[in-house]
Amino acid sequence: MNENIRKKFEQEPKTWYYKVLIALVVVVIIAWSSTTVQVNEVTGDGISIARKIISGIFHPDTGMLFNLTAQGVPYLLLETMCIAFLGTIVGAILSIPLAFLASTNIVPKPIAVVVRVFIMAVRTIPAFVYGLMFIRVTGPGAFAGLLTMSVCSIGMVSKMFIECIEDLDTKILESLDAAGCTLFQKIRYGIIPQLIPDFISTVIYRFDMNLRDATVLGLVGAGGIGAPLINAMSAYRWNEVGAILAGLIILILIIEVISTKIRVKLARG
């Protein structure tokens with residue numbers, strides 16, 4: 001037995017020099033990249049500002065944190081969450097027909113390629129650019145953020161949906177076809193049960209991403225909590241920054257726990 005193992009090791013291709021070469025290339029790339037990093041000296045003013053930032057974050061403005069008006073953190077977080085949620089739903093709905101049209105096992109390959117190029121083009125444009133475009137059309141506010149989240153969701157969600165559709169188990173459809181099922185019955189009992197868990201899991205994951213992106217989009221006036229955050233930082237009101245960050249952390253933790261439970265439930269059927 002030991003002799004057989006030894007022979008197997010001797011017959012194994014010698015690839016160690018490839019690994020050494022790859023390691024050297026990675027080291028060279030890291031060394032070359034580090035030459036562009038410039039470290040400026042930290043002055044006394046910078047240290048004092050850093051202390052104020054840390055103090056403000058750990059001593060949040062409780063008046064703003066528990067303020068239930070339109071200027072309070074709860075309302076701003078609710079607006080941000082609604083932008084992310086509705087944007088995710090609209091983007092997912094628009095992604096479903098695009099995903100089917102881009103799946104090579106559903107439509108002819110030329111049509112699928114054209115639709116995939118369109119999806120790729122949508123995905124390459126940054127969210128900030130979409131946000132600035134929609135603000136010009138609809139004006140500043142939550143509706144511009146909703147449109148931005150919807151379009152930005154199409155790129156990733158469509159790509160994930162395409163992979164789910166192309167991984168369909170065709171044997172189930174062949175069995176239903178042999179049983180004399182109609183087209184509607186094959187869709188109802190053969191396709192939808194396979195796709196729904198993966199689709200829902202993708203939508204939940206995208207909502208988690210949109211919740212963070214919606215916070216950043218507020219910086220350009222697309223609604224949500226981003227604008228008050230940048231205003232507080234610009235005015236050096238670090239206590240308000242701490243209150244906003246504390247609310248964001250609590251909201252994201254709650255969403256993370258809920259989404260994880262839903263994904264586990266879907267995975268276990």
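A residue is called buried when its relative accessible area is under 20%, exposed when it is over 50%, and partly exposed in between, using a 1.4 Å probe and protein chains only. This is a predicted model, where local features need pLDDT of at least 70 and side-chain atom pairs count only at pLDDT 80 or more, while totals for chains, interfaces and linings use all residues. Numbering runs from 1 along each chain as its sequence is written, and side-chain values use heavy atoms, with hydrogens and water left out.

Start with everything selected and a cartoon view. You will find 12 helices and 0 strands; helices are DSSP runs of H or I with at least four residues, strands are runs of E with at least two, and numbering goes from the N terminus. Of the 269 residues, 30% are buried.

Next, show the aromatic rings. Rings of Phe, Tyr and Trp (its six-membered ring) pair if their centres lie within 6.5 Å; planes under 30 degrees apart are stacked, over 60 edge-to-face, and the rest tilted. The count by this rule is 2 aromatic pairs.

Select F85 and F207: this pair is edge-to-face, at 6.0 Å centre to centre with 90 degrees between the planes. F85 sits in helix α5 (residues 73-101) and F207 in helix α10 (residues 183-217), 122 residues apart. F85 is partly exposed at 45% relative accessibility, whereas F207 is buried at 13%.

Now move to F161 and F199, a stacked pair with 3.8 Å between centres and 20 degrees between planes. Here helix α8 (residues 142-166) supplies F161 and helix α10 supplies F199, 38 residues apart. F161 is buried at 1% relative accessible area, and F199 is buried at 11%.
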